[in-house]
Amino acid sequence: MWGSLDWLYPPVCGGCNLGGFRWCPDCRQQVQLVPEPVCRICGLPLTRPGLCPNCKESIPPYEMMRSWLVFEGPIRHALHKLKYRRNVALGDALAQHFREYVSTLSWPVDLVVPVPLGKERMKERGYNQVGLVARPLAAVNHWRYAPRAVVRSRETRSQVGLTVAERKENVSGAFLGEAALVSGTTVLLMDDVATTGATLSACATAILDAGARSVYALTLARALPHHGLKNV
Ligand SMILES: [Zn+2]
Ligand SMILES: [Zn+2]
């Protein structure tokens with residue numbers, strides 16, 4: 001399959017544009033795993049193991065949220081590329097490396113569901129960039145892929161630049177789960193980047209309301225508190 005995709009997209013690294021690679025050895029070395037220890041539930045890096053203050057105050061709807069890499073450097077470039085170009089081959093390449101991390105989690109997944117775009121953005125872009133990684137990740141693990149298991153029930157504004165409280169408010173009740181698809185299943189909910197986790201929480205709530213047994217949240221990258229809320 002890559003042969004025909006090479007014609008459309010000559011292989012260049014998603015992180016640094018080096019020719020001949022989709023995700024080059026240099027970028028693979030440069031990326032940073034989210035540093036341990038992390039909050040047992042939401043995956044936020046902590047100074048010692050346990051729960052973060054937010055999860056202590058109110059338990060998130062998902063069982064656990066985990067992210068592969070810190071949202072910096074090559075992965076930031078690569079995710080930006082996926083957003084503006086339907087680069088199926090780059091999504092495949094990232095999924096191939098992501099799967100090693102995902103297998104260490106040993107989550108009991110039945111169904112993979114990407115966080116959906118709003119109708120307007122879907123019309124503009126024509127595809128959901130999360131699906132470019134979620135679909136091949138589901139395929140290699142023999143998990144069912146259900147891109148329409150959760151939809152946006154109303155348009156929301158971009159979360160970029162909003163405060164923690166505004167983010168929660170912005171996406172609260174904005175999603176609707178499809179009972180026929182999720183009922184009784186354990187769902188792996190996927191997004192490209194997590195910042196406060198507000199979108200993933202709102203989506204997880206919708207999926208659980210539609211009858212899912214449990215939801216695990218997963219992202220390729222995580223923006224950490226020192227990245228701030230202005231740009232992500
Ligand atoms: Zn590279
Ligand atoms: Zn937490």
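Which backbone oxygen lies 3.0 Å from a polar atom of the side chain of asparagine 128? The exercises below lead to this and other points.

This is a predicted model, in which local features need pLDDT of at least 70 and side-chain atom pairs count only at pLDDT 80 or more, while totals for chains, interfaces and linings use all residues. Residues are numbered from 1 along each chain as its sequence is written, chains are lettered from A and ligands numbered from 1 in the order in which they are written, and side-chain values use heavy atoms, with hydrogens and water left out.

**Exercise 1.** Determine the surroundings of asparagine 128.

*Solution.* Step 1: locate the residue. Asparagine 128 belongs to the loop between α6 (119-125) and α7 (131-141); helices (H or I, at least four residues) and strands (E, at least two) are DSSP runs, numbered from the N terminus.

Step 1: Asparagine 128 counts as buried because its relative accessibility is 15%; buried means under 20% relative accessible area, exposed over 50%, and partly exposed in between (1.4 Å probe, protein chains only).

Step 2: The backbone oxygen is that of valine 115, 3.0 Å from a polar atom of the side chain of asparagine 128. The backbone nitrogen of valine 130 also lies 3.0 Å from a polar atom of this side chain.

Step 3: list the contacts (heavy atoms within 4.5 Å). Neighbours within four places in sequence set aside, asparagine 128 is in contact with Pro114, Val115, Pro116, Leu117 and Met122.

**Exercise 2.** Describe the site of the zinc ion (ligand 1).

*Solution.* Step 1: name the donors, which are N, O and S atoms within 2.8 Å of the metal (3.2 Å for Na, K and Ca); water is not among the atoms, so sites may look incomplete. The SG atoms of Cys13, Cys16, Cys24 and Cys27 coordinate this ion at 2.3 to 2.4 Å.

Step 1: classify the geometry. The arrangement is tetrahedral because the four donor atoms subtend angles of 106 to 113°; four donors count as tetrahedral if all angles lie between 85 and 135 degrees.

Step 2: read the spacing. The donor residues follow C-x2-C-x7-C-x2-C in sequence. Cysteine 13, in the loop between α1 (2-8) and α2 (25-30), and cysteine 27, in helix α2, are 14 residues apart and link distant parts of the chain.

**Exercise 3.** Describe the site of the zinc ion (ligand 2).

*Solution.* Step 1: the protein donors are the SG atoms of Cys39, Cys42, Cys52 and Cys55, 2.3 Å from the ion.

Step 1: angles of 106 to 115° between the four donor atoms make this arrangement tetrahedral.

Step 2: the spacing along the chain is C-x2-C-x9-C-x2-C.

Step 3: cysteine 39 is buried, with a relative accessible area of 0%, and cysteine 52 counts as buried at 1% relative accessibility.

Terms used. Four donors count as tetrahedral if all angles lie between 85 and 135 degrees; four count as square planar and six as octahedral if opposite donors are over 155 degrees apart and all others between 65 and 115; anything else is irregular. A polar contact is a pair of N or O atoms within 3.5 Å; within protein, one must be able to donate a hydrogen and the other to accept it, and residues adjacent in sequence count only if both atoms are side-chain atoms.
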